[in-house]
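Colleague: I am new to this structure and would like to go through it in questions and answers. Please show it before we start.

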Amino acid sequence: MKPVKRNREGAKKTRRKIQAKRKAILRGHAAPPKPIGSRKAASARKADGMRSARPAGSRASAGNARGPMQRAVPHIPLDQDVGKARVFREAERASAADAPAIAIVGRPNVGKSTLFNRLTGSRRAIVGDEPGITRDRIYGEVSWAGQTARVIDTGGIIPDDEATIPLEIFRQARFALDEAEAIVMVVDGRTELAAPDVDLARLLMRSGKPLFLAVNKIDTESMGAAAENFRQLGVRHLVPISAEHGLNIGDLLDEVFAVLPEKEEAEEADEASSAEEASSVEGVEAEDAAGVHRTHGEFEQHETRVAIIGRPNVGKSTLLNAMTGTARAIVSPIAGTTRDAVDEAMEYEGKELRIVDTAGIRRKGKTHLMAEKLSVVMARRHLEAADVALLVIDATEGVTASDATIGGYAHESGRSVIIVVNKWDLVTTGRTDGKPSADRAIFERQLRAALKYLSYAPVLFISAWEGRNITRVLDEVVRVAAERRKRVSTGQMNRFLEKIDFQRASVPMSKRVRIYYMTQAAVAPPTFVLFTDRDVKLHFSFERFLENQIRAAFGFEGSPIWFKVRARNKAADEK
């Protein structure tokens, strides 16, 4: 039984390594594996002539080989390199931005988010039985019959409701309606026709855009007669569907894509694809000349994902709107307004950023509704997918235990962290309680004492509501993202080790190790492998000493540094 157990553990470890490698390839943090059977592939390509152009709307990925255990790694033709894959991703992103948009609207709790997830093939939108879960606009992509379109999920619309949240939801839906080329109105087929449905249908028909009525929750054919009752709304195109079970989704897409503007001619697409391939070769040669590769020098990534995290009602959505210069997210004084993660792409100083506003993270004991629990889970998931985390702290309340916990999530997941102290105007120039203005140095000293594990993170004092120091936040994001992807050569690390006096490190004799040499194994976050004389875990004081020496010599500001110990005798035994 023991050999079987070891084999199972070895298989689990192999699967974990493959999954980690796959994630690194998809995020662009690692180079794709070399193709298997490259000689055969080269001879086949020579016999077939030049490779045909990639069809429009297809996805490019960073993986180019399928090993026996790497079934889920996306495929790239064998004659493409990393530079070409990057060009295809750029072309895909540009085509997606120019793709027509489809807006999904309707009353609360009729299945709009379920339909959005069904069309996009993801779980991007939070789905639950509680009405009014979705509030902000959520964007996705759907491909059908060789065409690609953007899908916009909106919150439940009640036209005559003047409350703060419904009014903001309606305002966000108006942005989606103005942007869309086609509108899909979703109604609940299990309920009777309601007055809000009639008012919303009249409002949508006045827009003059193609309108489609999706009668949702028609799970069986016997319920099809109930869908005909909704023809009283006067909508010409009516399709009974079941978003949860995927019934008649194809019929709905057929009708919607029939009215969307067609793409460019195939000949123009082929010419653009061949031009992109030529430019990709030139781009790779330029990178070779500059010495910028994935294996040495600074690692370059196409897009930087920035997650805004923090407690509820600290100003995360206001910060997103201030950074992007738009009204992308709903802002209100009610805690927990944001539920779905809201992302917006922008370009700053030639760098592409994707800012993600997450829901406020609170303790499990404070979350009662299912939507709140799911929003916290989604916030953690978007944090782990980001490169840089903006930890927003309310200056009027100071650093709390929840702030320390949320910062620990970012630190343990290896995200680069920037601490943003928001609402600084309320404790300085805009203070109304008669107390003296807060001192920045004292506040930062108290913050550092409470968040000792984030000593590497820069601290910024801003006012998102007034737009103060927003450019400094963007500058810091670009700088920290570059530091996160920096790579130091092994020769530099060995010369660095020769200059360090390890006797200064206060380490017990039983925990002392001798470092033969050291190399940087990965970036984002920077990971160093230490080859030592003993296979023991580094003492925390020794690890902190070594980390401080590395930061003083090479920087890596804003990013955590990871160490892995490997004993020389153990490495020899494994060989």
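Colleague: Which residues line the second largest cavity?

Modeller: This is a predicted model, in which local features need pLDDT of at least 70, side-chain atom pairs count only at pLDDT 80 or more, and totals for chains, interfaces and linings use all residues. Residues are numbered from 1 along each chain as its sequence is written, and side-chain values use heavy atoms, without hydrogens and water. A cavity is a set of points, on a 1 Å grid over the protein atoms alone, where a 1.4 Å probe fits but cannot get out, and lining residues have an atom within 4 Å of a point. For the second largest cavity these are Ile 102, Leu 119, Val 184, Leu 252, Leu 253 and Val 256.

Colleague: Which helix gives the largest share of that lining?

Modeller: Helices are DSSP runs (H or I, at least four residues), strands likewise (E, at least two), numbered from the N terminus. The lining divides into six nonpolar, no polar and no charged residues. Three residues of the lining, the largest share, come from helix α8 (residues 249-259).

Colleague: What is the volume of the second largest cavity?

Modeller: The count comes to two cavities of 30 Å³ or more. A volume is the space filled by probe spheres set on the grid points. For the second largest cavity the volume is about 30 Å³.

Colleague: At what angle do the axes of α15 and α16 cross?

Modeller: Gln 492, Met 493 and Phe 496 in α15 meet Leu 546, Gln 549, Ile 550, Ala 553 and Phe 554 in α16, where contact means heavy atoms within 4.5 Å. By class, this contact has six nonpolar, two polar and no charged residues. Axes are lines fitted to C-alpha atoms over the stretch in contact, with angles from 0 to 180 degrees between N-to-C directions. The axes of α15 (residues 490-499) and α16 (residues 540-554) come within 12 Å and cross at roughly 120°.

Colleague: Which residues does the cis peptide bond join?

Modeller: Most peptide bonds are trans. Here omega is about 0°, and Pro 525 lies in the loop between β13 (515-522) and β14 (527-532). The cis bond joins Ala 524 and Pro 525.

Colleague: What is the phi of Asn 109?

Modeller: Asn 109 is in the loop between β1 (101-106) and α4 (112-120). Its phi is positive in a residue other than glycine, near 65°.

Colleague: What pLDDT does the chain average?

Modeller: pLDDT is the predictor's confidence in each residue, from 0 to 100. Of the residues, 77% score at least 70, and the chain averages 79.

Key:
1 Å grid on protein atoms, 1.4 Å probe; cavity = no way out; pocket = protein on both sides within 12 Å on 5 of 7 lines; lining within 4 Å. Nonpolar A, V, L, I, M, F, W, Y, C, P; charged D, E, K, R; others polar.
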